[in-house]
Amino acid sequence: MTGECPMCGSVSELQMSHIVPAFVWRWLKETSGTGYMRRINAPNRRIQDGFKARMLCLRCEQLLSPWEKQFADSVFRPLQSDNLPVFRYSSWLARFCSSLSWRVVRQLRNEDQLADLPSHLLLASERALDIWASVTVGQIPSPGEFEQHIIPLDSLSFMDQPDVPTNLNRYILRTVDCDVAYADDDAFVYTKMCNLAIIGFIRVSKPNLWRGTKIHAAGGAFGVGPYVIPTDVGHYILDRARTVQMAQMSKSPRQRQVIMQAAKSDPERMDRSESIRALDYDVIMFGEKAYDRQNGDP
Ligand SMILES: [Zn+2]
């Protein structure tokens, strides 16, 4: 399909692009108990290659490819197996994260999922899309107020909050989740790739409440100090875990049977899988309540 590439504006053959990069889906598949994954909003359908849409020209796809590899090798994979990796980055990281925020906002908009956004925030999202595209293709060096932030998430064994969803560790460690969050005058795009969330500011009135998470356009260091996110962002992440739990509950009985059969056919794989490790964390935190609802994908 030929069309105008929405990232760079050139008219060219448009490629099938991953919204969330392929390395995330690959890792989830490699480490799952069954070798299959499901989309949150369609838990009854197995998907094997992540979610794609016809979006970018070949040149833009090729621009993203080395950054994705670098991100996978120096951030994503070390974070799955180790403590927080420390590394220095140059301008590629802000460009990569801008492209990611761009892809997610654009896809959600195409799926009509931004319809509830108040008009002034919708307008801000259009401006953010323009700026992130310009940063990605190298027309401007910095996203300015449309900052990119990176939040490493860790498993938990305790949380002093009422009504903590009992799938919390499975959500933190194993779920891919994309959303635009908004309240009052603020909005941001949230791209969660297992235990790593990338946040793109659409309109954030108090950016100084975020500490140690900002990706600096010219380069910087990641993982060197503590980080702080606003309290309501912490609550938002809990809400997302609840949303996923509700979606998982809608799995059909037939689908549960398919999952159980896949798990039984290779119990050793299941035992050593990251899916089971994430479930174990929930059992430690919530006891038998972790099994209350058949949530999570083994
Ligand atoms: Zn392009």
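This talk describes the helices, sheets and loops of one predicted protein model.

The protein contains 9 helices and 11 strands. Its chain has 298 residues, of which 34% count as buried.

In what order do its strands lie? The order is E7-E10-E9-E8, the sheet is open, and the pairing is antiparallel. E7 and strand E8, which covers residues 176-183, stand at the edges with a single partner strand each, so one side of each has no neighbour in the sheet. From one strand to the next, the twist averages 20 degrees. Helix H3 packs on this sheet and touches E7, E8, E9 and E10. The direction of H3 makes about 105 degrees with that of E9.

Is E10 mostly covered or mostly uncovered? It is mostly covered, since 6 of its 8 residues are buried. To be counted as buried, a residue must have 20 or more other C-beta atoms within 10 Å of its own.

E10 pairs with E7 and with E9. With strand E7, residues 148-152, the pairing is antiparallel and has 5 bridges. Within that pair, Ala-197 of E10 is the residue opposite Ile-151. With strand E9, residues 186-193, the pairing is again antiparallel, and 7 bridges join the two strands. Here Thr-191 has Ile-198 of E10 as its bridge partner. E9 and E10 also form a hairpin, with 2 residues between them. In that turn, Cys-194 has a positive phi of about 55 degrees.

E1 and strand E2, residues 11-18, run antiparallel and are joined by 3 bridges.

Next, the helix pairs. Two packed helices are described by the angle between their axes and the distance between the axes.

How do H3 and H4 cross? Helix H3 spans residues 92-110 and helix H4 spans residues 119-137; their axes come within 8 Å and cross at roughly 140 degrees. That angle makes H3 oblique to H4. The crossing of the two is left-handed. On the H3 side, the residues in contact include Ala-94, Trp-102 and Val-105, while on the H4 side they include Leu-129, Trp-132 and Ala-133. By class, the residues of this contact are 8 nonpolar, 5 polar and 2 charged.

The other pair is H1, residues 22-31, with H2, residues 58-81. Their axes come within 10 Å and cross at roughly 35 degrees. This crossing is right-handed. H1 contributes Phe-23, Val-24 and Trp-27 to the contact, and H2 contributes Glu-68, Ala-72, Phe-76 and Gln-80. Sorted by class, the contact has 5 nonpolar residues, 1 polar and 1 charged.

Finally, two residues in loops. Most residues other than glycine have a negative phi. Asp-112 is not a glycine, yet it has a positive phi of about 65 degrees. Asp-112 is found in the loop between H3 and H4. Is Asp-112 buried or exposed? It counts as exposed because it has 7 C-beta neighbours inside 10 Å, and a residue with 12 or fewer is placed in that class.

Asp-163 is not a glycine either, and its phi is positive, at about 55 degrees. Asp-163 belongs to the loop between E7 and helix H5, the latter being residues 168-174. With 7 C-beta neighbours inside 10 Å, Asp-163 also counts as exposed.

Thank you for your attention.

Note on methods
Residues are numbered from 1 along each chain as its sequence is written. This is a predicted model: local features need pLDDT of at least 70, side-chain atom pairs count only at pLDDT 80 or more; totals for chains, interfaces and linings use all residues. Axes are lines fitted to C-alpha atoms, for helices over the stretch in contact, and angles run from 0 to 180 degrees between N-to-C directions. Helices (H or I, at least four residues) and strands (E, at least two) are DSSP runs, numbered from the N terminus. Angles under 35 degrees count as roughly parallel, over 145 as roughly antiparallel, 65 to 115 as roughly perpendicular and the rest as oblique. A crossing is left-handed if the near helix is turned anticlockwise from the far one by less than a right angle, and right-handed if clockwise. Two residues are in contact if their C-beta atoms, placed from the backbone, lie within 7 Å. Ala, Val, Leu, Ile, Met, Phe, Trp, Tyr, Cys and Pro count as nonpolar, Asp, Glu, Lys and Arg as charged, and the others, Gly among them, as polar. Two strands pair if DSSP finds at least two bridges between them.
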